[in-house]
Amino acid sequence: MDGWGNFALAMAVFIGSHALTARPGLKAPLVARLGHAGFGLAYSALSILLLVWVIVAAGRAPYVALWDPAPWQVWVAGALMLGACLLVAGALAGTNPLSFGSRAAPFDPARPGVAGVTRHPVLWALALWAFAHAIANGDLAHLLLFGPMGLFALAGMAAIDRRKRRQMPEWEALSRNTSIVPLAGLLTGRWRPGPPPVVPMLAGVAVWALLIWLHPLVIGVDPLAGL
């Protein structure tokens, strides 16, 4: 199977695999057998393999151009990827019990750190990554690949909020200075940033530069070729 058929199959399997985390009846027996850490490792490995499959399938699908290559795509995609790297670096270095990707404690709702930028920094990073690659490629197959991924990440924020509200009696108090929309707390006056986390920011920039360098070596496409 090749072309659109292979791409459709890869997308269906990739999306279907994420039902494991949404359906307790499927997830619970696996967690009981593998443990939480084992399940997390196995699920991460499966997700990476399926992601590689679907990306390769998109590259092999018939090319249907939606817009012509232009330098603006490189600049926009690069800026979105820089934002994604900074958000992930801030999430890994910070504390945020309201989403995933960060330590849960110690967390001071008056000084929420990266959660003040957005309550879901990792999901926003995933959305920025997806939209950056949809813009940079500009063809139908990659739009069908990365567009739903970005929308799925955005939809996941509301789903996590609903689950956290049920699980955490203190959710309202902890989230009072945060928002799903990036920097909304700053614009409304509910959040005032403290000193910038210099080391995580430098790490985010370094990872962004490393990804640009590795992209042609690993993916086979130079992200700066359009400049």
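## Overall fold

In this predicted model, 67% of the contacts between residues at least 6 apart in sequence join residues that are at least 24 apart. The chain holds ten helices and zero strands, so that, read from the N terminus on, its elements run α-α-α-α-α-α-α-α-α-α. The radius of gyration is 19 Å, close to the 17 Å that the globule rule gives for 227 residues, and the chain is therefore as compact as a globular protein of that length. Taken along the principal axes, the box filled by the C-alpha atoms is roughly 50 × 45 × 25 Å.

## Surface and charge

Of the 227 residues in the chain, 37% count as buried. The chain exposes about 12900 Å², and carbon and sulfur atoms supply 73% of that area. Its side chains include 15 positive and 8 negative ones, and the centres of these two sets lie 14 Å apart.

Helix α4, which covers residues 71–93, has 23 residues and reaches 33 Å from its first C-alpha to its last, close to the 33 Å expected at 1.5 Å a residue.

Helix α6 has 17 residues, and the distance from its first C-alpha to its last is 24 Å, close to the 24 Å expected at 1.5 Å a residue. Among its buried residues are P121, V122, L123, W124 and A125, together with L128 and H133. The buried residues of α6 pack against α4, α5, α7 and α10. Just after this helix comes G138, which takes a positive phi of about 70 degrees.

A155 is found in helix α7, which spans residues 140–167. With a relative accessible area of 48%, A155 is partly exposed. Although A155 and I15 are 140 residues apart along the chain, their C-alpha atoms are separated by 14 Å.

Leaving aside residues up to four places away in sequence, L174 touches P97, L98, F107, P109 and M168. The C-alpha atoms of L174 and L202, which are 28 residues apart along the chain, are separated by 28 Å.

## Backbone features in the loops

Two loops deserve a separate look. In the loop between α4 and α5 lies P106, and the peptide bond that joins A105 and P106 is cis, with omega at about 0 degrees.

The loop between α8 and α9 (184–188) contains L183. Phi of L183 is near 65 degrees, which is a positive value in a residue other than glycine. L183 counts as partly exposed, at 38% relative accessibility.

Conventions
Residues numbered from 1 in each chain as written. Predicted model: local features only at pLDDT ≥ 70, side-chain atom pairs only at ≥ 80, totals over all residues. Heavy atoms only, no water. Helix = DSSP H or I, 4+ residues; strand = E, 2+ residues; numbered from the N terminus. Expected span 1.5 Å × (residues − 1). Rg over C-alpha atoms; globule rule 2.2 N^0.38 Å. Buried < 20%, exposed > 50% of the residue type's maximum accessible area, 1.4 Å probe, protein only. Contact = heavy atoms within 4.5 Å. Areas by Shrake-Rupley, 256 points an atom, 1.4 Å probe, with all protein chains shown as cover. Lys, Arg positive; Asp, Glu negative; His and termini not counted. Charge placed at Lys NZ, Arg CZ, Asp CG, Glu CD.
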